[in-house]
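Here is my note on this structure. Please read it with the model open beside you.

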Amino acid sequence: MSVLDEDTPTGRILPSRGGDDEAVTPGTGVPAGASKSGVEPVGVAAAPIDHERALADRHTLVQLCLYAMDRARSGGVAERIEQGLAGIGVHALRPDGQRFDPSLHEAGGAVPTEDGTLEGTVAETEVVGFVDHERLLRAPIVTVYTRR
């Protein structure tokens with residue numbers, strides 16, 4: 001007999017102590033059919049879903065992601081947060097080259113231009129905006145071309 005007592009835990013699964021003809025589940029050393037039949041698994045009771053609470057929690061998490069993205073020092077981290085948000089229907093708004101629309105964009109500055117066709121066009125997005133499906137969460141802050 002070894003130094004270890006038979007009841008001392010070793011972290012090893014020992015082979016069955018039954019007879020040689022006893023069936024063993026391969027790779028486990030546990031007799032086949034060791035589970036009792038007719039035993040129901042214990043689970044968590046399904047609680048009704050509070051949809052209003054779920055939507056409020058989603059909104060809070062989206063806002064937290066926007067906050068974290070604004071402060072991310074790594075472009076890769078910010079990009080990953082943006083991808084995750086896009087996966088749930090929250091998309092970035094970068095309206096560069098589009099006509100300035102005060103109902104969708106916030107003017108943060110102006111750039112003078114000689115080209116009259118550029119007047120009123122977004123020159124650059126200063127702060128990315130976001131839309132949740134079709135609902136505007138945050139308007140992008142943009143620089144707009146103005147005529148000299």
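1. **A term to start with.** A polar contact is a pair of N or O atoms within 3.5 Å. Within protein, one atom must be able to donate a hydrogen and the other to accept it. With that in hand, look at Arg 138: its side chain makes a polar contact of 2.6 Å with the side chain of Asp 70. Keep in mind that this is a predicted model.

2. **The overall plan.** The protein has two helices and six strands. Read from the N terminus, the order of elements is α-α-β-β-β-β-β-β. Of its 148 residues, 18% count as buried. The accessible surface comes to about 11,300 Å², and carbon and sulfur atoms hold 55% of that. Now take the contacts with a separation of 6 or more: 54% of them come from residues 24 or more positions apart.

3. **Arg 138 in detail.** Arg 138 sits in strand β5, which covers residues 135-138. What else does its side chain reach? A polar atom of that side chain lies 2.8 Å from the backbone oxygen of Val 128. Setting aside neighbours within four places in sequence, Arg 138 is in contact with Asp 70, Val 127, Val 128, Gly 129 and Phe 130.

4. **The Asp 70 pair.** The side chains of Asp 70 and Arg 138 also meet in a salt bridge, at 2.6 Å from N to O. This pair links distant parts of the chain, with Asp 70 in helix α1 and Arg 138 in strand β5, 68 residues apart. Asp 70 counts as partly exposed, because its relative accessibility is 40%.

5. **Other salt bridges.** How many salt bridges does the structure hold? There are six. One of them joins Arg 58 and Asp 132, with the closest N and O atoms 2.7 Å apart. Arg 58 lies in helix α1 and Asp 132 in strand β4, so the pair ties together parts that are 74 residues apart in sequence. Arg 58 is partly exposed at 24% relative accessibility, whereas Asp 132 is buried at 9%. Arg 58 and Asp 132 also belong to a network of salt bridges with Arg 135.

6. Asp 57 forms a salt bridge with Arg 53, the closest N and O atoms being 3.2 Å apart. Both residues lie in helix α1, four residues apart, which is about one turn of the helix. Arg 53 counts as exposed, at 52%. The cut-off for exposed is over 50%.

7. **The nonpolar core.** The largest nonpolar core has nine residues: Val 62, Leu 66, Met 69, Ala 78, Ile 81, Leu 85, Val 90, Val 128 and Phe 130. Helices α1 and α2 (75-87) are the elements that give two or more residues to this core. Take Ile 81 as an example. Not counting residues up to four places away in sequence, Ile 81 touches Cys 65, Ala 68 and Met 69.

8. Tyr 67 lies in helix α1, residues 51-71. Tyr 67 is partly exposed, at 47% relative accessible area.

9. **A buried threonine.** Thr 143 is found in strand β6, residues 141-147. Why does Thr 143 count as buried? Thr 143 is buried because its relative accessible area is 8%, and the cut-off is under 20%. Its side chain is joined to that of Glu 126 by a polar contact of 2.4 Å. Beyond four places in sequence, Thr 143 touches Gly 109, Ala 110, Val 111, Thr 121, Val 122, Ala 123, Glu 124 and Glu 126.

10. **One backbone angle to check.** Most residues other than glycine have a negative phi. His 133 is not a glycine, yet has a positive phi of about 55°. Where does His 133 lie? His 133 is in the loop between β4 (129-132) and β5. His 133 is exposed, with a relative accessible area of 51%.

Definitions and conventions. Residues are numbered from 1 along each chain as its sequence is written. This is a predicted model: local features need pLDDT of at least 70, side-chain atom pairs count only at pLDDT 80 or more; totals for chains, interfaces and linings use all residues. Side-chain values use heavy atoms; hydrogens and water are left out. Buried means under 20% relative accessible area, exposed over 50%, partly exposed in between (1.4 Å probe, protein chains only). Contact means heavy atoms within 4.5 Å. Accessible areas come from the Shrake-Rupley method with a 1.4 Å probe; for residues, only the protein chains shown count as cover. A nonpolar core is a set of buried Ala, Val, Leu, Ile, Met, Phe, Trp, Tyr and Cys residues joined through side-chain atoms within 4.5 Å. A salt bridge is a side-chain nitrogen of Lys or Arg within 4 Å of a carboxyl oxygen of Asp or Glu.
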